[in-house]
Amino acid sequence: MKEFDKIILGLDPGTNVMGYGVIGIKKKKLSLITAGVIHLAKLENHQLKLKSIFEKVTFLMKEYLPDEVAVEAPFFGKNVQSMLKLGRAQGVAMAAVLIRDVPVEEYAPKKIKQSVTGSGNASKEQVASMLQTILNFKEMPKYLDATDGLAAAVCHYLQGGLPQIDKATVKSKIKSTGNKKSYSGWDAFVKDNEKRVK
């Protein structure tokens, strides 16, 4: 995958079908690497579904080595149980990413649709059609959950992605905070920092 400057994995976590898409960026040109779905409906219970999501996302991370990951946030519905299950699915997917120290960002469904099509109220079909134009692929995936995952990745790219972390800067910040003076109480802090406290 070294032919790309950056690889982004997009995830659309669901409890029956989970969509994913991987795009590569080379000199600001976007290319489709893969897209697909994970079928979860036949699994006996919610715990097995969560295990399957974790395993599949772990596989995608190892297989495509994304630099960044974008996740579609659960939409707010009236059914609290469904929301809870979707939230768990999203959390498990994000954990599988974060355990590999890869930055992850979540986007609301309306934000993703707005970024890809220009309208936050676009249909799944309109999103898929626009992705077909942006990424120049001929055959539409059988399940639109796959294009939802792709849309999250494209949205992330169009939003400017995540800033790359400069490890040297982080180390210097850790060192500097490690050497900060500790105080016995608020009065001691105020006395030593009169200019900072109003």
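**Close-up views of the predicted model**

**View A. Helices that line the largest pocket of this predicted model.** At least two residues of the lining come from each of helix 2 (80-98), helix 3 (109-117), helix 4 (124-135) and helix 5 (144-158). The lining comprises 18 residues, and the volume of the pocket is about 320 Å³. Nearest the centre of the pocket lie Asp12, Glu72, Phe75, Lys124 and Asp148. Sorted by class, the lining residues are 10 nonpolar, six charged and two polar.

**View B. Helix 1 against helix 2.** Two packed helices are described by the angle between their axes and the distance between the axes. Here the axis of helix 1 (residues 46-64) comes within 8 Å of the axis of helix 2, and the two cross at roughly 30°. Angles under 35 degrees count as roughly parallel, and helix 1 and helix 2 are therefore roughly parallel to each other. Their crossing is right-handed.

**View D. Pairing of strand 1 with strand 2.** Strand 1 (residues 6-12) and strand 2 (residues 17-26) run antiparallel and are joined by seven bridges. Within this pair, lysine 6 is opposite isoleucine 25 of strand 2.

Technical notes
Residues numbered from 1 in each chain as written. Predicted model: local features only at pLDDT ≥ 70, side-chain atom pairs only at ≥ 80, totals over all residues. Heavy atoms only, no water. Pairing = 2+ DSSP bridges. Helix = DSSP H or I, 4+ residues; strand = E, 2+ residues; numbered from the N terminus. 1 Å grid on protein atoms, 1.4 Å probe; cavity = no way out; pocket = protein on both sides within 12 Å on 5 of 7 lines; lining within 4 Å. Points joined across faces, edges and corners; volume = space filled by probe spheres on them. Nonpolar A, V, L, I, M, F, W, Y, C, P; charged D, E, K, R; others polar. Axes fitted to C-alpha atoms, helices over the stretch in contact; angles between N-to-C directions. Parallel < 35°, antiparallel > 145°, perpendicular 65-115°, else oblique. Left-handed = near helix turned anticlockwise from the far one by under 90°.
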